[in-house]
Amino acid sequence: MLRVEGLVKTFGGLRALDGCSFEAAADGITGLIGPNGSGKSTLFNCVTGFYAHDAGRVSFGGAPLTGLPPWEVARRGIVRTFQQTRIFPRLTCLENLLVAPAGQPGEGLLPALVRPPRVRRSEAALRVRAEALLARVELATHADALAGSLSYGQQKLLELGRALMTEPRLLLLDEPAAGINPALLERLVELIRALHAEGKGFLVVEHDMRLVMTLCQRVVVLDYGQTIAAGTPEEVAHDPRVLDAYLGSA
């Protein structure tokens, strides 16, 4: 369980998060929605260690995440994608996946030069896993292509594949549907559902309400940095506070 309690983050005089609290199941699909400027991306950055929050607590599986840098958060099982993809454009698709796992035995200078048997075994195993994940995100034919040559939608699939290389327990997806065509979106949704059936959890920031309502089991709504509603998609869709946040008072 990801637990966010009383999270506060300010930028000068702007209070981007104002006591935000919610929970997201480690084996569920939770949607995080809200009007533009409600604090969704700031929340992602605080949870994953990219921003240091000013007050409040974040924990996962009962263990505190507060104050940890992003790589330590990832090692504890929470990995994210970005609203604007952050692939390595001058590496191949396969290489983008191979750089993701932490603690590879060949990362040191001497092992990289000598390449003892344990390093070669590790690299071979990672290559097999990377090739399998490329196939799963339907990019196997692009394994040796530069990542920068892919379409934007394909780059999002590649970024998801790279996240999966770290074997996360909970994936945070920041607007996965933004800027991709309907065919790629359908493939992405199918992949998320398949991964969820295998035990992966998701926290998804998304503006496509139809996608949120059909994909997510639970929805959390932010407005002005505060949690104003949480529940099933149907409950949230009929909550007066949510309607007011999106449509304004009558």
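**Ring pairs**

The structure holds two aromatic pairs. Rings of Phe, Tyr and Trp (its six-membered ring) pair if their centres lie within 6.5 Å; planes under 30 degrees apart count as stacked, over 60 as edge-to-face and the rest as tilted.

Select Phe 11 and Tyr 51. This pair is edge-to-face, at 5.5 Å centre to centre and 75° between the planes. Phe 11 lies in strand S1 (residues 2–11) and Tyr 51 in the loop between helix H1 (40–47) and strand S4 (55–60), so the pair ties together parts 40 residues apart in sequence. Helices (H or I, at least four residues) and strands (E, at least two) are DSSP runs, numbered from the N terminus.

Now colour by accessibility. Phe 11 is partly exposed at 36% relative accessibility, and Tyr 51 is partly exposed at 32%. Buried means under 20% relative accessible area, exposed over 50%, partly exposed in between (1.4 Å probe, protein chains only).

Next, select Phe 50 and Phe 82. Their ring centres are 5.5 Å apart and their planes at 90°, so this pair is edge-to-face. Phe 50 is partly exposed at 38% relative accessibility, whereas Phe 82 is buried at 12%.

**Reading the model**

This is a predicted model: local features need pLDDT of at least 70, side-chain atom pairs count only at pLDDT 80 or more, and totals for chains, interfaces and linings use all residues. Residues are numbered from 1 along each chain as its sequence is written, and side-chain values use heavy atoms, with hydrogens and water left out.
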